[in-house]
Amino acid sequence: MTNWWRDKVAYQIYPRSFQDTNSDGIGDLRGIIKRLPYLKELGIGILWLSPVYQSPNDDNGYDISDYRDIHPDFGTMNDMDELIELARHLDIRIIMDMVINHTSDEHEWFKESRNPASPYRDYYIWRPGKKGGLSGKRKLPNNWTSFFAEDCWEYDEQSGEYYLHLFSKKQPDLNYRNPAVIEEVKSIMRFWLDKGISGFRFDVINVIYKNSLENGRKRFILTGREHYVSCEGTHEILRDFRRTVLSEYDCFSVGESVMVTPKTAADLADPTRHELDMLFSFEHMETDTVIVKWFRRRFAPKRFCETIAKWQNALEWNANYLENHDQPRSVSRFGDDLRFHEESAKMLATLLLCLRGTPFIYQGQEIGMTNFDFTSMEQIEDIESHNVYRLASRLHFPERFRWNMIRLVGRDNARTPMQWSAGHCGGFTSGKPWIGVNENHIKINVESQTANPDSILSYYKKLISLRNGSEVLRSGEFKAIRISKDLFVYDRYLDNEKITVIVSFSKTFSRYPIKGELLLSTYNRKDFDGSLMPYEAVLIRREDLT
Ligand code: NOJ
């Protein structure tokens, strides 16, 4: 079996917001089927579907109540089978989101588990409260805090104990010390692989195994993390998944990995260790934040590009991304979505797609979709944003500060509907959309950009096609040549071929004289004399191989 996933460009779909076909205001599988030709035309080879399983939607599907069924909002299993089949016909492979750190509290296992005598009790992590001093009040089993800005333990009246949840209280953590849980997960993976999917994106995979439940060192966020981030137990489980399931299929795995360093990441994704094929890391997405993602600092291209270069050098293969369903839009964050919308979106495309590794594009990124101009908490759907806003209120953060956190960083920025046309709701739905449609769909949409050869979308198509046809861009080595205040220059090279990628984050003119054949320019220029326009990116084929 070849490492075909190294040669393809991946595209993430957030199904709720992609394309609605039955007018209920929620995207669906038939909508994805309808848009497959669009994705083919774009040059996509892998589709990552955010969860489409049964779920009460406390966290928009990342709380699964049945891993073997499709949520009726999205359609039926027949639709799913048809999608897999049609995609394969177009040589597009589908990977599913495997959310296995936790289930929904409405999953059958958890319902059973509430009964202390049930064989399912041990599928989750239950503990009695600690004795509560003089007051006699019950105390939580430990001092850990959750990813969603709340306690990690929820008391269950029925069984008189607490259960652990690293995310919302409707997302109880599975107990990976129980071999039965591991077997259940493997059988779910086989179920989907047998259906013809080509792999998994594993949600927060490096926290699944908890070493101990002791108190953690007190921290501003995620107290307790030293007891569960990248434990040896997780490595063993990943090797077991690989040995007993994944290696039997022509598939790959990409794992979302939190709080990893290049060293701990390499332990998860080094090909010789037979764990993950690649992982999503976060350090480059944290270069404009301090302490937590909610506290922003000025975006500094140099810091950002140095971090990207560090990870390029550290890992044999990276999963590269600038956006996903948890992050604000890249053109609003790393570019300039007002004065240089097109220019900076194309520059970011170049930066991303020319790196070594598998590039992941998030729906709408290819037309330069921007953050949403939210004006009040009532427009916000995301559970994480609501929790954080509440916590910030309890901590007496000034209202302006609180609101700016949500407005600039909140995940709903990425979750507004895909903008297909200038028509009603951007062509996403003929009904009432589950979340606001960005008003700028009138200008930023697929239809108008398809018709315009100079659009962001047309540029993505050109660039992807160039990458798909270029061995050196797909698998060549990476070398950073220059990283300055607003210029990033790097080489990709293989045998006797070399391509130099020059990207500018400057709002004015800059210079980087270099000899060679101009392959592509975001300004559509015919030749390159070393001067760069604002946010310009160019690709130069070089002859000297020094
Ligand atoms: C990471 C996912 O990307 C995010 O959307 C989700 O809320 C958490 N994991 C919990 O599953």
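A search of the whole structure, which is a predicted model, identified 5 cavities of 30 Å³ or more. A cavity is here a set of points, on a 1 Å grid over the protein atoms alone, where a 1.4 Å probe fits but cannot get out. Grid points are joined across faces, edges and corners, and a volume is the space filled by probe spheres set on the points. The volume of the largest cavity is about 140 Å³. It is lined by 14 residues, of which Ser-281, His-284, Trp-311, Asn-318 and Asn-320 are the closest to its centre; a lining residue has an atom within 4 Å of a point. Two or more lining residues come from each of α7 and β14 (319-321), and α7 makes the greatest contribution, with 4 residues. The lining comprises 8 nonpolar, 6 polar and no charged residues, where Ala, Val, Leu, Ile, Met, Phe, Trp, Tyr, Cys and Pro count as nonpolar, Asp, Glu, Lys and Arg as charged, and the others, Gly among them, as polar.

Residues are numbered from 1 along each chain as its sequence is written. In this predicted model, local features need pLDDT of at least 70 and side-chain atom pairs count only at pLDDT 80 or more, whereas totals for chains, interfaces and linings use all residues; side-chain values use heavy atoms, without hydrogens or water.

Pockets were also examined, a pocket being an open set with protein on both sides within 12 Å along at least five of seven lines. The second largest pocket holds about 600 Å³ of space. Among its 25 lining residues, Phe-299, Ser-332, Arg-333, Phe-334 and Gly-335 are the closest to the centre. Helix α7 (301-314) gives two or more residues to this lining, as do α8 (330-333) and α11 (399-409). By class, 12 of the lining residues are charged, 8 nonpolar and 5 polar.

The domain assignment, automatic or taken from a database, gives domain 1 (108-164) and domain 2 (474-542). Their C-alpha centres lie 55 Å apart.

Helices (H or I, at least four residues) and strands (E, at least two) are DSSP runs, numbered from the N terminus. Strand β22 (residues 537-542) is largely enclosed by the rest of the structure, because 5 of its 6 residues are buried, that is, under 20% relative accessible area with a 1.4 Å probe, protein chains only. Strands pair if DSSP finds at least two bridges between them. Strand β18 (residues 497-504) runs antiparallel to β22 and is joined to it by 6 bridges, with Val-501 partnered by Leu-539 of β22. Strand β20 (residues 517-521) is likewise antiparallel to β22, through 4 bridges, and Leu-518 stands opposite Ile-540 in β22.

Conventions
Buried means under 20% relative accessible area, exposed over 50%, partly exposed in between (1.4 Å probe, protein chains only).
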